[in-house]
Amino acid sequence: MFINEVKIRVKLFKSQPYLLFALSGILATFGNGLIYITMSWYAYQKNNSIGSLALLMFYIWMPSIIFGPFFGVCADRYNKKYLLILSNVVRGIAVFVFAFFMLNGLEPNIYYLASVLGFFISFYMPAAIPFVKEIVPENKLVEANATVDMLYEFGTIIGMGVSGVLIYYLNTIGTLALGGAFFIISGLFNYLMKYNPINNFNKFQTKKQTFLNDYIDSLKYIARNPSLIGVYLTQMIIMVLIMTIPILLVPFTQVVLKGDTVLFARLEALISLGIFVGGFFSPILCKKISAKYTLMFLTILLSITLYIFSINDNILISYIVYFGIGVGLSSWAVVISQAQLLTSPDFQGRLQATFYSLSGIGVLLLYVLVNYKGNLISVQNFYLVESIIAACAFIFVFKIKNCELK
């Protein structure tokens, strides 16, 4: 079974667009890992306040919340390949410009850069997720998404892991410039992809319809297919957990586990390893017990491990449980595959953008709570809240009846 699954994954890379899409993703996530840590370091050093990090997240996420409908319509109207190129190349150029100003003795506002990065990364998700469906056979979607998720995780781990060393040797300016270069190279790989759009975006060019009307059409579509709401809400919840669980680990490591940066690094590696392992085995589970039962298993595992983590102060148990949290988070690849399979291609970009925006609201709310109420609420209780949120995802999957997951 193991060997057969490896062969299936390797065979995916025989497709030129998928290979270049995956390579582009690794480079972009590596560059993003570098830039994320470097920007966080710069903001904290500049303001000497954890509030500056929460503000940084605000500027990164707010564009997707405000402009989500616009991004989604663009993904459905226009060639997704060009949107991916636009997202990666413009982010690279923006980072280069910021580094250039710093090199010349200027001190640009880091939040301007965060806003630009947040705006153009918001083009990426609504275009990338439907894009995979157009270049991969439907019966291989779970494997394709899981593999990309594993590679993205790998790129992020390496980028964030080496960022500290690079900041030491290349300083902030050099590390930012390097991250920007990886974005631009990623865009070049997107440009080289052989891609013939199969979506109907050309038909929109003859319609006398506004962006707002196009977006309203997507809301009408999901209203006609209410069973899809459970799939997208599950996806939204998992995205919120992916983006917020790591931010709680720093205070948890220091306050609860009485650990240092070495313990923090080990736990970060274990959650990433869990996502990597889950990404390999979740498609096998989907074939054996169905996608719905796989999602039920992974989301309840996520809820239980988060709960155990919230009441635990033993380091060894923390290692085991945090790895389990990573396995539970691998449900992301399964749920986006189901969203791809069950949604008409004409509406995927808009629906992805809508629920990505809702995810952003959830992420920002938790960051605000941590920033302003962190001294009143224990970090263990924050993980308890995360456990309850994961349980809600399990309930959404369990309740899906009229639209059985494939």
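The largest cavity holds about 50 Å³ of space. A cavity here is a set of points on a 1 Å grid over the protein atoms alone where a 1.4 Å probe fits but cannot get out; points are joined across faces, edges and corners, and the volume is the space filled by probe spheres set on them. This is a predicted model, in which local features need pLDDT of at least 70 and side-chain atom pairs pLDDT 80 or more, while totals for chains, interfaces and linings use all residues. Residues are numbered from 1 along each chain as its sequence is written, and side-chain values use heavy atoms, without hydrogens or water.

What surrounds that space? Its lining, meaning residues with an atom within 4 Å of a point, consists of Met 125, Ile 129, Gln 235, Met 236, Met 239, Trp 332, Gln 352, Phe 355, Tyr 356 and Ser 359. Helices are DSSP runs of H or I, at least four residues long, numbered from the N terminus. By class, the lining has 7 nonpolar, 3 polar and no charged residues, where Ala, Val, Leu, Ile, Met, Phe, Trp, Tyr, Cys and Pro count as nonpolar, Asp, Glu, Lys and Arg as charged, and the others, Gly among them, as polar.

Now turn to the largest nonpolar core, which has 110 residues. Such a core is a set of buried Ala, Val, Leu, Ile, Met, Phe, Trp, Tyr and Cys residues joined through side-chain atoms within 4.5 Å; buried means under 20% relative accessible area, exposed over 50%, and partly exposed in between, with a 1.4 Å probe and protein chains only. Among the members that touch the most others are Phe 21, Ile 245 and Tyr 383. Leaving aside residues up to four places away in sequence, Ile 245 has contacts (heavy atoms within 4.5 Å) with Ile 271, Leu 306, Tyr 322, Ile 325, Leu 329, Tyr 383 and Glu 386.

Two loops deserve a look as well. Between α9 (227-256) and α10 (261-289) lies Lys 258, a non-glycine residue with a positive phi of about 55 degrees; at 67% relative accessibility, Lys 258 counts as exposed. Ser 290, in the loop between α10 and α11 (291-311), has a positive phi of about 90 degrees, though it is not a glycine either.

Technical notes: 1 Å grid on protein atoms, 1.4 Å probe; cavity = no way out; pocket = protein on both sides within 12 Å on 5 of 7 lines; lining within 4 Å.
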